[in-house]
Amino acid sequence: MAGCAGLAGSLAVARDPGAGRARTLMRRGREARWSSTAGEKLRTLFDGRREWLCAPVAALLAALGDSVLPLLAGAVAVPLVRRWLLRRARGRERERAVDAVTSLCGAVVGELRAGREPGEALLAAVHDADALGAAESAVLAAARFGGDVPGALRKAADGPGLEGLAGMAACWRVAVDGGAGLAAGLARLESALRGERRRREELRAQLAGAWSTVAVLALLPVVGLGLGAALGADPLQVLLHSPGGLVCLATGALLEAAGLLWATRIVRTGEA
(Lines give C-alpha, C1' and ligand atoms only; values in the text may rest on other atoms or scores of the structure.)
Protein backbone atom coordinates (compact mmCIF):
# COMPACT_ATOMS: atom_id res chain seq x y z
CA MET A 1 0.00 0.00 0.00
CA ALA A 2 2.82 2.43 0.80
CA GLY A 3 4.55 1.60 -2.50
CA CYS A 4 1.32 2.14 -4.46
CA ALA A 5 0.72 5.46 -2.72
CA GLY A 6 4.25 6.62 -3.52
CA LEU A 7 3.90 5.53 -7.15
CA ALA A 8 0.58 7.36 -7.47
CA GLY A 9 2.07 10.52 -6.01
CA SER A 10 5.07 10.42 -8.33
CA LEU A 11 2.79 9.90 -11.33
CA ALA A 12 0.64 12.85 -10.29
CA VAL A 13 3.69 15.09 -9.95
CA ALA A 14 5.06 13.81 -13.27
CA ARG A 15 1.81 14.72 -15.02
CA ASP A 16 1.93 18.28 -13.75
CA PRO A 17 5.50 19.21 -12.78
CA GLY A 18 4.70 22.93 -12.89
CA ALA A 19 2.08 22.59 -10.19
CA GLY A 20 4.49 20.64 -8.01
CA ARG A 21 7.19 23.26 -8.40
CA ALA A 22 4.67 26.01 -7.72
CA ARG A 23 3.55 24.31 -4.50
CA THR A 24 7.16 23.85 -3.43
CA LEU A 25 7.99 27.49 -4.12
CA MET A 26 4.88 28.69 -2.26
CA ARG A 27 5.73 26.52 0.73
CA ARG A 28 9.32 27.77 0.78
CA GLY A 29 8.10 31.35 0.43
CA ARG A 30 5.79 30.92 3.42
CA GLU A 31 8.59 29.40 5.49
CA ALA A 32 11.03 32.17 4.55
CA ARG A 33 8.40 34.84 5.25
CA TRP A 34 7.61 33.29 8.64
CA SER A 35 11.28 33.01 9.59
CA SER A 36 11.99 36.61 8.50
CA THR A 37 8.93 37.85 10.41
CA ALA A 38 10.02 35.96 13.54
CA GLY A 39 13.55 37.34 13.23
CA GLU A 40 12.24 40.88 12.81
CA LYS A 41 10.00 40.48 15.85
CA LEU A 42 12.92 39.26 17.95
CA ARG A 43 15.15 42.08 16.76
CA THR A 44 12.41 44.61 17.47
CA LEU A 45 11.78 43.11 20.91
CA PHE A 46 15.42 43.19 21.99
CA ASP A 47 16.52 46.28 20.04
CA GLY A 48 18.46 48.37 22.52
CA ARG A 49 17.69 45.84 25.28
CA ARG A 50 19.96 42.95 24.39
CA GLU A 51 21.09 42.63 27.99
CA TRP A 52 17.67 41.16 28.80
CA LEU A 53 18.63 38.05 26.83
CA CYS A 54 20.27 36.99 30.08
CA ALA A 55 16.79 36.53 31.59
CA PRO A 56 15.58 33.62 29.39
CA VAL A 57 19.00 31.93 29.69
CA ALA A 58 18.82 32.23 33.47
CA ALA A 59 15.23 30.94 33.46
CA LEU A 60 16.28 27.92 31.37
CA LEU A 61 19.15 27.11 33.72
CA ALA A 62 16.84 27.55 36.72
CA ALA A 63 14.36 25.13 35.19
CA LEU A 64 17.06 22.59 34.34
CA GLY A 65 18.73 22.84 37.74
CA ASP A 66 15.51 23.28 39.74
CA SER A 67 17.00 26.22 41.67
CA VAL A 68 16.60 29.98 41.98
CA LEU A 69 20.34 30.64 41.96
CA PRO A 70 20.52 31.01 38.14
CA LEU A 71 17.73 33.60 38.34
CA LEU A 72 19.74 35.60 40.87
CA ALA A 73 22.84 35.30 38.68
CA GLY A 74 20.81 36.48 35.69
CA ALA A 75 19.57 39.51 37.64
CA VAL A 76 23.17 40.40 38.50
CA ALA A 77 24.32 39.81 34.90
CA VAL A 78 21.79 42.19 33.31
CA PRO A 79 23.38 45.49 34.52
CA LEU A 80 26.89 44.14 33.89
CA VAL A 81 26.02 43.17 30.33
CA ARG A 82 24.28 46.54 29.81
CA ARG A 83 27.43 48.34 30.94
CA TRP A 84 29.56 46.24 28.58
CA LEU A 85 27.20 46.90 25.66
CA LEU A 86 27.19 50.64 26.37
CA ARG A 87 30.99 50.67 26.43
CA ARG A 88 31.09 48.89 23.08
CA ALA A 89 28.52 51.29 21.62
CA ARG A 90 30.55 54.31 22.79
CA GLY A 91 33.67 52.80 21.24
CA ARG A 92 31.92 52.30 17.91
CA GLU A 93 30.54 55.85 17.99
CA ARG A 94 34.02 57.19 18.70
CA GLU A 95 35.46 55.25 15.77
CA ARG A 96 32.73 56.56 13.47
CA ALA A 97 33.37 60.12 14.66
CA VAL A 98 37.11 59.81 13.99
CA ASP A 99 36.45 58.47 10.50
CA ALA A 100 33.93 61.26 9.85
CA VAL A 101 36.41 63.95 10.88
CA THR A 102 39.04 62.42 8.58
CA SER A 103 36.55 62.39 5.71
CA LEU A 104 35.59 65.99 6.50
CA CYS A 105 39.20 67.12 6.23
CA GLY A 106 39.57 65.38 2.89
CA ALA A 107 36.32 66.86 1.61
CA VAL A 108 37.34 70.40 2.62
CA VAL A 109 40.72 69.93 0.93
CA GLY A 110 38.98 68.80 -2.24
CA GLU A 111 36.63 71.77 -2.22
CA LEU A 112 39.48 74.21 -1.60
CA ARG A 113 41.53 72.81 -4.45
CA ALA A 114 38.47 73.07 -6.67
CA GLY A 115 38.55 76.86 -6.18
CA ARG A 116 36.02 77.44 -3.38
CA GLU A 117 36.49 79.91 -0.55
CA PRO A 118 37.21 78.38 2.90
CA GLY A 119 33.72 79.10 4.25
CA GLU A 120 32.00 77.72 1.16
CA ALA A 121 34.28 74.67 1.18
CA LEU A 122 33.41 73.95 4.81
CA LEU A 123 29.69 74.35 4.16
CA ALA A 124 29.80 71.99 1.19
CA ALA A 125 31.91 69.42 3.07
CA VAL A 126 29.79 69.45 6.24
CA HIS A 127 26.65 68.67 4.24
CA ASP A 128 28.40 65.60 2.79
CA ALA A 129 30.05 64.34 6.01
CA ASP A 130 28.12 64.40 9.30
CA ALA A 131 31.09 64.86 11.63
CA LEU A 132 30.23 67.78 13.89
CA GLY A 133 27.47 66.29 16.02
CA ALA A 134 25.45 68.74 18.08
CA ALA A 135 27.76 71.67 17.21
CA GLU A 136 27.07 71.42 13.48
CA SER A 137 24.61 74.31 13.46
CA ALA A 138 27.07 76.66 15.21
CA VAL A 139 29.88 75.78 12.80
CA LEU A 140 27.62 76.17 9.78
CA ALA A 141 26.38 79.55 11.02
CA ALA A 142 29.94 80.76 11.62
CA ALA A 143 31.03 79.62 8.16
CA ARG A 144 27.98 81.08 6.40
CA PHE A 145 27.92 84.48 8.12
CA GLY A 146 31.65 85.08 8.64
CA GLY A 147 31.79 84.22 12.33
CA ASP A 148 34.49 82.63 14.46
CA VAL A 149 34.90 79.32 12.61
CA PRO A 150 37.98 78.16 14.61
CA GLY A 151 36.16 78.81 17.89
CA ALA A 152 33.13 76.84 16.72
CA LEU A 153 35.38 73.98 15.60
CA ARG A 154 37.17 73.92 18.97
CA LYS A 155 33.82 73.71 20.76
CA ALA A 156 32.77 70.87 18.49
CA ALA A 157 36.03 69.05 19.30
CA ASP A 158 34.82 68.41 22.87
CA GLY A 159 32.78 65.42 21.70
CA PRO A 160 34.19 61.86 21.80
CA GLY A 161 36.24 61.07 18.73
CA LEU A 162 36.09 64.66 17.45
CA GLU A 163 39.55 65.71 18.69
CA GLY A 164 40.68 66.12 15.09
CA LEU A 165 38.44 69.17 14.79
CA ALA A 166 40.80 70.99 17.19
CA GLY A 167 43.62 70.45 14.67
CA MET A 168 41.30 71.67 11.93
CA ALA A 169 40.58 74.81 13.99
CA ALA A 170 44.32 75.39 14.44
CA CYS A 171 44.92 75.08 10.69
CA TRP A 172 42.07 77.51 10.06
CA ARG A 173 43.44 80.03 12.58
CA VAL A 174 46.96 79.85 11.11
CA ALA A 175 45.60 80.25 7.57
CA VAL A 176 43.50 83.28 8.53
CA ASP A 177 46.07 85.04 10.76
CA GLY A 178 49.31 84.10 9.02
CA GLY A 179 48.19 83.66 5.45
CA ALA A 180 49.33 80.04 5.23
CA GLY A 181 47.67 77.63 2.83
CA LEU A 182 44.63 76.06 4.46
CA ALA A 183 44.46 73.19 1.97
CA ALA A 184 48.06 72.15 2.67
CA GLY A 185 47.54 72.20 6.43
CA LEU A 186 44.30 70.23 6.26
CA ALA A 187 45.92 67.72 3.90
CA ARG A 188 48.69 67.10 6.45
CA LEU A 189 46.07 66.81 9.19
CA GLU A 190 44.11 64.29 7.15
CA SER A 191 47.29 62.28 6.55
CA ALA A 192 48.02 62.29 10.29
CA LEU A 193 44.49 61.16 11.14
CA ARG A 194 44.64 58.35 8.58
CA GLY A 195 48.00 57.25 9.97
CA GLU A 196 46.52 57.18 13.48
CA ARG A 197 43.63 55.07 12.24
CA ARG A 198 46.03 52.63 10.59
CA ARG A 199 47.95 52.33 13.86
CA ARG A 200 44.73 51.63 15.75
CA GLU A 201 43.77 48.95 13.24
CA GLU A 202 47.20 47.33 13.52
CA LEU A 203 46.99 47.39 17.31
CA ARG A 204 43.50 45.89 17.18
CA ALA A 205 44.75 43.11 14.92
CA GLN A 206 47.68 42.39 17.25
CA LEU A 207 45.37 42.24 20.28
CA ALA A 208 42.83 39.96 18.57
CA GLY A 209 44.66 36.90 19.88
CA ALA A 210 44.60 38.26 23.43
CA TRP A 211 40.86 38.96 23.22
CA SER A 212 40.35 35.42 21.88
CA THR A 213 42.16 34.12 24.96
CA VAL A 214 39.81 36.14 27.18
CA ALA A 215 36.79 34.70 25.35
CA VAL A 216 38.10 31.13 25.70
CA LEU A 217 38.71 31.75 29.40
CA ALA A 218 35.10 32.92 29.78
CA LEU A 219 33.69 29.87 27.95
CA LEU A 220 35.76 27.18 29.66
CA PRO A 221 33.33 26.71 32.61
CA VAL A 222 30.42 26.35 30.17
CA VAL A 223 32.37 23.71 28.23
CA GLY A 224 33.11 21.89 31.47
CA LEU A 225 29.44 21.83 32.42
CA GLY A 226 28.55 20.55 28.97
CA LEU A 227 31.12 17.76 29.20
CA GLY A 228 29.85 16.80 32.63
CA ALA A 229 26.27 16.64 31.36
CA ALA A 230 27.41 14.58 28.35
CA LEU A 231 29.07 12.07 30.71
CA GLY A 232 25.85 11.79 32.74
CA ALA A 233 27.23 13.46 35.87
CA ASP A 234 24.37 16.04 36.14
CA PRO A 235 26.67 18.95 37.14
CA LEU A 236 23.83 21.42 37.72
CA GLN A 237 22.27 19.15 40.32
CA VAL A 238 25.62 18.75 42.07
CA LEU A 239 26.48 22.45 41.97
CA LEU A 240 23.08 23.77 43.01
CA HIS A 241 21.85 21.19 45.52
CA SER A 242 24.85 20.03 47.53
CA PRO A 243 27.04 21.89 50.06
CA GLY A 244 30.25 20.92 48.29
CA GLY A 245 28.81 21.93 44.95
CA LEU A 246 27.74 25.34 46.27
CA VAL A 247 31.25 25.91 47.65
CA CYS A 248 32.75 24.92 44.30
CA LEU A 249 30.27 27.15 42.47
CA ALA A 250 31.08 30.20 44.60
CA THR A 251 34.83 29.60 44.41
CA GLY A 252 34.71 29.01 40.67
CA ALA A 253 32.63 32.12 40.08
CA LEU A 254 35.08 34.26 42.06
CA LEU A 255 38.09 32.79 40.25
CA GLU A 256 36.37 33.22 36.89
CA ALA A 257 35.55 36.87 37.62
CA ALA A 258 39.08 37.55 38.85
CA GLY A 259 40.61 35.89 35.79
CA LEU A 260 38.40 37.81 33.38
CA LEU A 261 39.11 41.13 35.10
CA TRP A 262 42.84 40.43 35.14
CA ALA A 263 42.98 39.39 31.48
CA THR A 264 40.80 42.32 30.40
CA ARG A 265 42.98 44.74 32.34
CA ILE A 266 46.12 43.36 30.67
CA VAL A 267 44.59 43.74 27.20
CA ARG A 268 43.21 47.22 27.88
CA THR A 269 46.60 48.31 29.21
CA GLY A 270 48.10 47.17 25.92
CA GLU A 271 45.46 49.14 24.03
CA ALA A 272 46.19 52.28 26.05
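Biologist: Which residue meets Glu196 in a salt bridge?

Modeller: Keep in mind this is a predicted model, where local features need pLDDT of at least 70, side-chain atom pairs count only at pLDDT 80 or more, and totals for chains, interfaces and linings use all residues. Residues are numbered from 1 along each chain as its sequence is written, and side-chain values use heavy atoms, with hydrogens and water left out. A salt bridge here is a side-chain nitrogen of Lys or Arg within 4 Å of a carboxyl oxygen of Asp or Glu. At 2.8 Å, N to O, the partner of Glu196 is Arg199.

Biologist: And why are Glu196 and Arg199 separated by about one helical turn?

Modeller: Both sit in helix H9, helices being DSSP runs (H or I, at least four residues) numbered from the N terminus. The one-turn separation comes about because Glu196 and Arg199 are apart by 3 residues.

Biologist: Is Arg204 buried, partly exposed or exposed?

Modeller: Buried means under 20% relative accessible area, exposed over 50%, and partly exposed in between (1.4 Å probe, protein chains only). Arg204 has a relative accessible area of 45%, so the class is partly exposed.

Biologist: Which residue forms a salt bridge with Arg204?

Modeller: The closest N and O atoms are 3.3 Å apart. The pair links helix H9 to helix H4, across 109 residues. The partner is Glu95.

Biologist: How many residues apart in sequence are Arg197 and Asp99?

Modeller: Those two also form a salt bridge, with the closest N and O atoms 3.2 Å apart. Arg197 lies in helix H9 and Asp99 in helix H4, so the pair ties together parts with a sequence separation of 98 residues.

Biologist: How do H10 and H12 run, roughly parallel or roughly antiparallel?

Modeller: Their axes, lines fitted to C-alpha atoms over the stretch in contact (heavy atoms within 4.5 Å), come within 10 Å and cross at roughly 170°. Angles run from 0 to 180 degrees between N-to-C directions; under 35 counts as roughly parallel, over 145 as roughly antiparallel, 65 to 115 as roughly perpendicular and the rest as oblique. That makes H10 and H12 roughly antiparallel.

Conventions: Helices (H or I, at least four residues) and strands (E, at least two) are DSSP runs, numbered from the N terminus.
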